[in-house]
Amino acid sequence: MQQLVLQSMAPALGVFIGALIGFSLRRRRGKTEGLMQDSVFLTASAAGGAALLVAMAYNYLFGAGA
(Lines give C-alpha, C1' and ligand atoms only; values in the text may rest on other atoms or scores of the structure.)
Protein backbone atom coordinates (compact mmCIF):
# COMPACT_ATOMS: atom_id res chain seq x y z
CA MET A 1 0.00 0.00 0.00
CA GLN A 2 2.81 2.40 0.89
CA GLN A 3 4.54 1.79 -2.43
CA LEU A 4 1.28 2.42 -4.27
CA VAL A 5 0.90 5.78 -2.53
CA LEU A 6 4.51 6.71 -3.29
CA GLN A 7 4.09 5.79 -6.96
CA SER A 8 0.95 7.93 -7.18
CA MET A 9 2.24 10.97 -5.30
CA ALA A 10 3.76 12.94 -8.21
CA PRO A 11 0.52 13.58 -10.14
CA ALA A 12 -1.32 14.40 -6.91
CA LEU A 13 1.35 16.88 -5.86
CA GLY A 14 1.23 18.49 -9.30
CA VAL A 15 -2.53 18.87 -9.14
CA PHE A 16 -2.31 20.30 -5.60
CA ILE A 17 0.31 22.90 -6.55
CA GLY A 18 -1.49 23.82 -9.76
CA ALA A 19 -4.83 24.17 -8.00
CA LEU A 20 -3.22 26.20 -5.21
CA ILE A 21 -1.75 28.67 -7.70
CA GLY A 22 -4.87 28.80 -9.86
CA PHE A 23 -7.33 29.26 -7.03
CA SER A 24 -5.07 31.85 -5.37
CA LEU A 25 -5.10 33.91 -8.56
CA ARG A 26 -8.88 33.55 -8.81
CA ARG A 27 -9.38 34.65 -5.23
CA ARG A 28 -7.21 37.74 -5.70
CA ARG A 29 -9.52 38.76 -8.53
CA GLY A 30 -12.51 38.40 -6.21
CA LYS A 31 -13.97 35.24 -7.74
CA THR A 32 -14.57 32.98 -4.74
CA GLU A 33 -17.35 30.81 -6.14
CA GLY A 34 -16.37 27.18 -6.33
CA LEU A 35 -14.09 27.31 -3.29
CA MET A 36 -14.81 24.96 -0.41
CA GLN A 37 -15.73 27.11 2.61
CA ASP A 38 -14.01 30.05 0.86
CA SER A 39 -10.62 28.37 1.43
CA VAL A 40 -8.03 28.09 -1.31
CA PHE A 41 -5.93 25.61 0.68
CA LEU A 42 -8.88 23.34 1.48
CA THR A 43 -10.02 23.29 -2.14
CA ALA A 44 -6.51 22.57 -3.44
CA SER A 45 -6.11 19.81 -0.84
CA ALA A 46 -9.36 18.20 -1.94
CA ALA A 47 -8.26 18.34 -5.59
CA GLY A 48 -4.89 16.81 -4.70
CA GLY A 49 -6.56 14.08 -2.64
CA ALA A 50 -8.91 13.21 -5.48
CA ALA A 51 -5.97 13.09 -7.89
CA LEU A 52 -4.11 10.78 -5.48
CA LEU A 53 -7.08 8.39 -5.35
CA VAL A 54 -7.41 8.35 -9.14
CA ALA A 55 -3.67 7.78 -9.63
CA MET A 56 -3.66 5.00 -7.02
CA ALA A 57 -6.59 3.27 -8.70
CA TYR A 58 -4.89 3.54 -12.09
CA ASN A 59 -1.60 2.18 -10.77
CA TYR A 60 -3.35 -0.65 -8.94
CA LEU A 61 -5.56 -1.71 -11.84
CA PHE A 62 -3.15 -1.27 -14.72
CA GLY A 63 0.18 -1.82 -12.97
CA ALA A 64 1.76 1.38 -14.25
CA GLY A 65 5.30 1.77 -13.00
CA ALA A 66 5.56 -1.82 -11.83
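**View 1. Y58 and F62 sit four residues apart in helix α2, about one turn of the helix.** Helices here are DSSP runs of H or I with at least four residues, numbered from the N terminus. The two rings have their centres 5.1 Å apart and their planes at 50°, so this pair is tilted. Rings of Phe, Tyr and Trp (its six-membered ring) pair up if their centres lie within 6.5 Å; planes under 30 degrees apart are stacked, over 60 edge-to-face, and the rest tilted. Y58 is partly exposed at 45% relative accessibility, while F62 is exposed at 60%. Buried means under 20% relative accessible area, exposed over 50%, and partly exposed in between (1.4 Å probe, protein chains only).

This is a predicted model: local features need pLDDT of at least 70, side-chain atom pairs count only at pLDDT 80 or more, and totals for chains, interfaces and linings use all residues. Residues are numbered from 1 along each chain as its sequence is written, and side-chain values use heavy atoms, with hydrogens and water left out.

View 2. F41 counts as exposed, at 55% relative accessibility.

**View 3. A19 is a buried residue in helix α1.** Its relative accessible area is 12%. Leaving aside neighbours within four places in sequence, A19 is in contact (heavy atoms within 4.5 Å) with S24, A44 and A47.

Technical notes. Helices (H or I, at least four residues) and strands (E, at least two) are DSSP runs, numbered from the N terminus.
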